[in-house]
Amino acid sequence: MTQVAKPQIKNDRFLKALRREPVDRTPIWMMRQAGRYLPEYRETRAKAGDFMSLCKNAELACEVTMQPIRRYGFDAAILFSDILTIPDAMGLGLHFVQGEGPQFTHPVRQLADIQALPELTAEVDLDYVMRAVSTIKQALNQEIPLIGFTGSPWTLACYMVNGSGSKDGFARVQRMAYEQLEAMQLLLAKLVDAVSDYLLAQVAAGADALQIFDTWGGLLSYEDYLSLSLNPMRLIVERVKAEYPEIPIIVFTKGGGVWLEEMADIGCDGLGLDWTVHLGQARERVGSQVALQGNLSPVILNAPTSVVEAKTKAVLDQFGAHPGHIFNLGHGITPKIDPEHVRVMVETVKNYRATPSV
């Protein structure tokens with residue numbers, strides 16, 4: 001067990017909310033808050049040349065991480081990186097195709113492919129991520145917390161087996177789980193090891209909290225979700241907590257609202273919720289066992305600012321005057337959103353005062 005002695009963070013609302021402690025107002029950050037909707041981000045990405053070059057340049061990754069903090073005053077920063085850094089480091093040949101998203105030159109389709117995957121050492125094989133974490137942490141100067149993150153083993157497996165995104169619910173990947181169960185189990189086990197090491201290295205580099213993005217867990221049936229998605233995340237949480245028990249961990253399964261109780265039982269500190277979940281009902285289901293994060297639909301940010309304000313207040317009203325809420329979107333912001341609409345959302349949260357619960 002490693003105890004992390006860190007200086008006090010000045011604005012610790014986000015961390016307090018994860019501990020379900022009272023705060024003066026609901027903290028807010030936003031998934032993909034550093035992204036293409038910001039003109040300053042587009043300028044920096046153009047300077048980098050391409051997305052992965054931006055990720056691998058610590059100074060530029062720090063710059064784009066800080067841009068939304070300077071513009072909006074979010075209560076937490078999140079490392080600028082990508083969920084696919086681990087399979088990229090395993091040699092699968094990650095590249096991005098305009099209009100099609102991430103693709104791998106060397107997907108894994110058979111047991112032999114998975115057996116050949118190298119064992120990673122995050123500090124060495126993903127050293128550029130750790131340099132970015134430490135650079136960002138220094139730039140934040142203890143003003144707000146820094147969130148490190150990873151993709152879940154199941155989500156990483158989806159891309160590694162399919163070789164790209166999917167329009168059919170990653171049917172090839174789910175078929176592997178039925179036809180080549182040994183191969184899938186080995187792939188997930190290797191990813192549990194790699195992800196755990198990756199997150200531990202991010203904490204050692206300075207991350208104050210962690211989030212696991214389980215983007216595709218919601219595609220699975222109940223039994224398959226528990227075995228293929230949730231249990232690997234449970235193992236990761238256990239390993240990170242064994243080393244750093246004080247580091248809060250958020251688990252976000254898109255489409256996972258039906259499994260809140262099961263998710264809350266894996267030892268994490270917070271659950272990220274998409275927009276299909278009623279926050280008040282979710283809070284009743286899990287009580288104070290975990291904090292809840294979310295969950296305005298990103299689509300709302302396309303609406304007039306009056307609607308953005310009203311819908312933001314509605315999310316806050318759903319949760320009510322209880323500790324343990326972090327305001328966020330129900331998924332990442334989309335590229336064509338007007339930055340002014342984000343400002344309205346942020347200012348609405350900052351000025352909101354909940355009606356005391358009866």
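**Figure legends: overall fold and aromatic contacts**

**View 1. Overall fold of the predicted model.** The protein chain has 16 helices and nine strands, taken as DSSP runs (H or I of at least four residues for helices, E of at least two for strands) and numbered from the N terminus. Its radius of gyration is 19 Å, close to the 21 Å that the globule rule gives for 358 residues, so the chain is as compact as a globular protein of that length; the radius is taken over C-alpha atoms, and the rule is 2.2 Å times the number of residues to the power 0.38. In this predicted model, local features need pLDDT of at least 70 and side-chain atom pairs pLDDT 80 or more, while totals for chains, interfaces and linings use all residues. Residues are numbered from 1 along each chain as its sequence is written, and side-chain values use heavy atoms, without hydrogens and water.

**View 2. The F170–W216 pair.** Nine aromatic pairs are found in the whole structure (Phe, Tyr or six-membered Trp ring centres within 6.5 Å; planes under 30 degrees apart are stacked, over 60 edge-to-face, the rest tilted). F170 and W216 form a tilted pair, at 5.2 Å between centres and 55 degrees between planes. F170 lies in the loop between α9 (153-162) and α10 (171-179) and W216 in the loop between β5 (209-214) and α12 (222-243), so the pair ties together parts 46 residues apart in sequence.

**View 3. Charges over rings.** K56 lies over the face of Y128, 5.4 Å from the ring centre (NZ of Lys or CZ of Arg within 6 Å of the centre and within 35 degrees of the ring normal). The charged end of R283 sits over the ring of F319, at 5.9 Å from its centre.
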